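Colleague: I would like to learn how to read a model of this kind, one feature after another. Please give the general idea before each case.

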Amino acid sequence: MVDEPRQELQDEESAADQAQGTVAVEEDLVARIASLEEQLATAQDQALRAAADVQNARRRAEQEVEKAHKFALERFANDLLAVVDSLERGLELSNGEDPAIKPMRDGMELTLKLFGDTLARYQVVAVDPHGEPFNPELHQAMTMEERDNVEPNTVIKVFQKGYTISGRLLRPAMVVVSKAGVGSAAGSIDEKA
């Protein structure tokens with residue numbers, strides 16, 4: 001009978017050990033589940049970032065291809081501008097009244113128009129700023145002249161037209177810009193200072 005209390009004591013110890021073992025296993029499982037959930041979240045974040053990187057690379061590549069298509073003709077168009085300039089100068093210097101050169105002049109005008117239409121078809125647009133305010137992003141000032149009857153910083157003469165291609169400057173316009181005359185109000189203010 002003495003063995004019975006011992007047996008009960010051993011059974012209780014065994015049950016307590018099993019309970020502790022079960023709690024330890026449960027805590028271990030909870031810790032492992034938390035660790036796996038953290039790893040899963042990290043893997044999902046990395047996958048999301050990788051997908052975003054791929055999408056950004058694809059978008060950049062598409063933009064580069066679009067720019068290449070848009071500006072592929074830039075160098076070629078720039079070389080053709082000298083031909084357009086020569087035709088325009090030839091028309092300026094030729095006398096339209098002379099019957100001997102009238103057919104040649106008509107041919108030059110048609111050729112110039114054809115050139116202009118072709119350039120416009122490829123988004124090459126002339127910048128002819130005569131009478132507009134000076135814009136250093138589109139114009140290159142060759143000289144300044146005093147003019148009392150014109151606002152200062154206004155383009156008063158265009159030596160050479162400028163051109164843009166698809167909205168980007170291909171060649172700046174070479175211009176003469178007005179400045180305030182000596183007798184203007186600005187001149188008298190400077191003299192008083």
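Modeller: Begin with contact, which means heavy atoms within 4.5 Å. Leaving aside neighbours within four places in sequence, Asp 128 is in contact with Val 158 and Lys 161. This is a predicted model, in which local features need pLDDT of at least 70 and side-chain atom pairs count only at pLDDT 80 or more, while totals for chains, interfaces and linings use all residues. Residues are numbered from 1 along each chain as its sequence is written, and side-chain values use heavy atoms, with hydrogens and water left out.

Colleague: How far apart are Asp 128 and Val 158 in sequence and in space?

Modeller: They are 30 residues apart in sequence and 7.2 Å apart in space, C-alpha to C-alpha. For the elements, helices (H or I, at least four residues) and strands (E, at least two) are DSSP runs, numbered from the N terminus. Asp 128 is found in the loop between β1 and β2.

Colleague: Is Asp 128 buried, partly exposed or exposed?

Modeller: Buried means under 20% relative accessible area, exposed over 50%, and partly exposed in between (1.4 Å probe, protein chains only). Asp 128 has a relative accessible area of 43%, so it is partly exposed.

Colleague: How do I read a pocket, and which residues line the largest one?

Modeller: Rolling a probe the size of a water molecule over the atoms shows where empty space is left. On a 1 Å grid over the protein atoms alone, a pocket is an open set of points where a 1.4 Å probe fits, with protein on both sides within 12 Å along at least five of seven lines; lining residues have an atom within 4 Å of a point. The lining of the largest pocket here consists of Asp 85, Glu 88, Arg 89, Glu 92, Asp 128, His 130, Val 158, Phe 159, Gln 160 and Lys 161. α2 provides the largest share, four residues, and β3 (155-160) also supplies at least two.

Colleague: How does that lining divide into nonpolar, polar and charged residues?

Modeller: Ala, Val, Leu, Ile, Met, Phe, Trp, Tyr, Cys and Pro count as nonpolar, Asp, Glu, Lys and Arg as charged, and the others, Gly among them, as polar. The lining has six charged, two polar and two nonpolar residues.

Colleague: What about the largest nonpolar core?

Modeller: In soluble globular proteins, nonpolar side chains tend to be buried together. A nonpolar core is a set of buried Ala, Val, Leu, Ile, Met, Phe, Trp, Tyr and Cys residues joined through side-chain atoms within 4.5 Å. The largest has 13 residues, and Val 124, Tyr 163 and Leu 170 have the most contacts inside it. Two or more residues each come from α2 (74-93), α3 (102-121) and β4 (162-165), with α2 giving the most, five.

Colleague: Is Thr 164 buried or exposed?

Modeller: Thr 164 lies in strand β4 and counts as buried because its relative accessibility is 14%.
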